[in-house]
Amino acid sequence: MNQTEQRKIIIRELKNAKSHTTAEELFNNVKKFLPQISLGTIYRNLEILCSNGSVRKLSFEHRKAQFEWKNPAENFIHSYCPECGKIAHVSFSDSEKLQNLILEIYNETEADEIKLDLIKVCNCCKEAKAEQLIKAIEAENERKSKILTWNKDK
Ligand SMILES: [Zn+2]
Ligand SMILES: [Zn+2]
């Protein structure tokens with residue numbers, strides 16, 4: 001199979017991926033159709049697709065890079081949870097207004113790309129944290145009441 005055919009399948013699988021995919025996940029999906037493909041080939045193709053602007057690479061902190069097929073009509077920014085690493089889309093209705101505002105701040109009239117990410121602990125992690133806190137308080141109260149009982153008994 002030639003490189004063009006190979007790339008077609010890689011692109012198809014990128015588009016099929018529900019949202020963000022790591023190179024390894026993409027590799028596992030492509031391998032179903034191209035058993036001979038190597039992870040290196042996947043990386044090389046991703047690099048090319050990123051540099052020609054078809055694919056977006058997302059990398060936050062120490063986490064593995066994730067990739068997604070770019071949709072030119074998209075109206076969202078990415079939000080990243082530093083607790084669990086989840087990357088989600090936050091849609092906004094007036095992207096033009098926001099972009100113009102950013103250009104204005106930088107005293108520019110145009111930009112090839114404006115990158116904007118929202119770093120925020122997601123609701124799941126927030127709830128989990130709140131639950132942990134409640135448990136810790138309960139455990140502390142229980143410990144205190146035990147000491148009280150013990151003191152009374154003495
Ligand atoms: Zn989270
Ligand atoms: Zn995305």
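Biologist: Which residue of β5 is the bridge partner of H78?

Modeller: This is a predicted model, in which local features need pLDDT of at least 70 and side-chain atom pairs count only at pLDDT 80 or more, while totals for chains, interfaces and linings use all residues. Residues are numbered from 1 along each chain as its sequence is written, with chains lettered from A and ligands numbered from 1 in the order in which they are written. F76 has S91 as its bridge partner in β5. For H78, the partner in β5 is H89.

Biologist: Over how many bridges do β4 and β5 pair, and in which sense?

Modeller: Strands are DSSP runs of E with at least two residues, helices are runs of H or I with at least four, and both are numbered from the N terminus. Two strands pair if DSSP finds at least two bridges between them. β4 covers residues 76-80, and its pairing with β5 has 5 bridges and is antiparallel.

Biologist: Which residue in the turn of the β4 and β5 hairpin has a positive phi?

Modeller: The hairpin leaves 6 residues between β4 and β5. A positive phi of about 80° belongs to one residue of the turn, G85.

Biologist: What is the strand order of the open sheet?

Modeller: β4 also runs parallel to β6, joined by 3 bridges, and S79 stands opposite L118 of β6. β5 (87-91) and β6 (117-119) each pair on one side only, as edge strands. Pairing in this sheet of 3 strands is mixed, and the order is β5-β4-β6.

Biologist: At what angle do the axes of α2 and α3 cross?

Modeller: Axes are lines fitted to C-alpha atoms, for helices over the stretch in contact, and angles run from 0 to 180 degrees between N-to-C directions. The axes of α2 (residues 23-31) and α3 (residues 39-51) come within 9 Å and cross at roughly 115°.

Biologist: Which residues of α3 make that contact?

Modeller: Residues are in contact if their C-beta atoms, placed from the backbone, lie within 7 Å. From α2 come A23, L26, F27 and V30, and from α3 come L39, I42, Y43 and L46.

Biologist: What separates the centres of domain 1 and domain 3?

Modeller: The bounds come from an automatic or database domain assignment. That assignment gives domain 1 (1-70), domain 2 (72-121) and domain 3 (122-154). Taken over C-alpha atoms, the centres of domain 1 and domain 3 are separated by 47 Å.

Terms used. Contact = placed C-beta atoms within 7 Å.
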